[in-house]
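Subject: Structure handover

Hello,

Please find the structure below, with its sequence. My notes on it follow.

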Amino acid sequence: VQLQASGGGLVQAGGSLRLSCVVSGRTFESYAVGWFRRAPGKEREFVAAISRSGGMTYYADSVKGRFTISRDNAKNTVYHQMNIPKPEDTAVYYCAARDQNTYWHVYYTGERDYDYWGQGTLVTVSS
């Protein structure tokens, strides 16, 4: 299983940016997916998660109302729409996948819940 994150770059505060994560390997619908980030000098933290169905999502309080996670099962891709980003959102963003064959509407928020990780994509928000 491979995860390829892309879409990072430089964005102005208040703008928008969309990250993508393509998951290849087994059937994409088998995976619950999450986004995490690591800011300079900080631990990696949870940002957003989506269930296999796409119907259940969950966000960290710091991004709730500004970021949106979604998935397109036909394209094997999970998206992370970042609206109104702030300088404190500057980080390397990672997507992660959990092989979940049992539950269709469950998401996961812990790093240890995930089986596979992408390489990360850097997002820099300028003030």
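**The nonpolar core**

This is a predicted model, and its largest nonpolar core has 35 residues. Those with the most contacts inside this core are Leu19, Trp35, Val47, Ile69, Val78, Tyr93 and Val123. As background, nonpolar side chains in soluble globular proteins tend to be buried together.

Which residues does Val78 touch, if those up to four places away in sequence are not counted? They are Leu19, Ser20, Cys21, Phe28, Val33, Trp35, Ile50, Ile69, Ser70 and Arg71. Among them, Leu19, Trp35 and Ile69 are also on the list of core residues with the most contacts.

Val33 is one of the residues that Val78 touches, and Val33 lies in strand β4. Val33 counts as buried because its relative accessibility is 0%. Not counting residues up to four places away in sequence, Val33 touches Ala49, Ile50, Ile69, Arg71, Val78, Ala96, Ala97 and Tyr114. One of these, Ala49, is 16 residues from Val33 in sequence, and the two C-alpha atoms are 5.8 Å apart in space.

**The disulfide**

How many disulfides are there? The count comes to one. In general, a disulfide is a covalent bond between the sulfur atoms of two cysteines. Here the cysteines are Cys21 and Cys95, with their sulfur atoms 2.1 Å apart. This pair links distant parts of the chain, as Cys21 is in strand β3 and Cys95 is in strand β9, 74 residues apart. The link is right-handed, with 70 degrees about the S-S bond. Are the two cysteines buried or exposed? Both Cys21 and Cys95 are buried.

**Strand pairing**

- β1 and β3 run antiparallel and are joined by five bridges. Gln2 has Ser24 of β3 as its bridge partner, and Gln4 stands opposite Val22 in β3.
- β3 and β8 also pair in the antiparallel sense, over seven bridges. In this pairing, Val22 stands opposite Thr77 of β8.

In a regular strand, the side chains alternate between the two faces of the sheet. For β1, the covered face has Leu3 and Ala5, while Gln2, Gln4 and Ser6 are on the uncovered face.

**Two loop residues**

Ser51 is in the loop between β5 and β6 (57-59). Why does Ser51 count as buried? The reason is its relative accessibility of 0%, and the cut-off for buried is under 20%. Apart from neighbours within four places in sequence, Ser51 is in contact with Ala32, Met56, Arg71, Trp104, His105, Val106 and Tyr107.

Ile84 is in the loop between β8 and β9. With neighbours within four places in sequence left aside, Ile84 is in contact with Gly14, Gly15 and Arg66. Val106, one of the residues in contact with Ser51, is 22 residues from Ile84 in sequence and 27 Å from Ile84 in space, C-alpha to C-alpha.

Regards

Notes. Residues are numbered from 1 along each chain as its sequence is written. This is a predicted model: local features need pLDDT of at least 70, side-chain atom pairs count only at pLDDT 80 or more; totals for chains, interfaces and linings use all residues. Side-chain values use heavy atoms; hydrogens and water are left out. A nonpolar core is a set of buried Ala, Val, Leu, Ile, Met, Phe, Trp, Tyr and Cys residues joined through side-chain atoms within 4.5 Å. Buried means under 20% relative accessible area, exposed over 50%, partly exposed in between (1.4 Å probe, protein chains only). Contact means heavy atoms within 4.5 Å. Helices (H or I, at least four residues) and strands (E, at least two) are DSSP runs, numbered from the N terminus. A disulfide is a pair of cysteine sulfur atoms within 2.5 Å. Two strands pair if DSSP finds at least two bridges between them.
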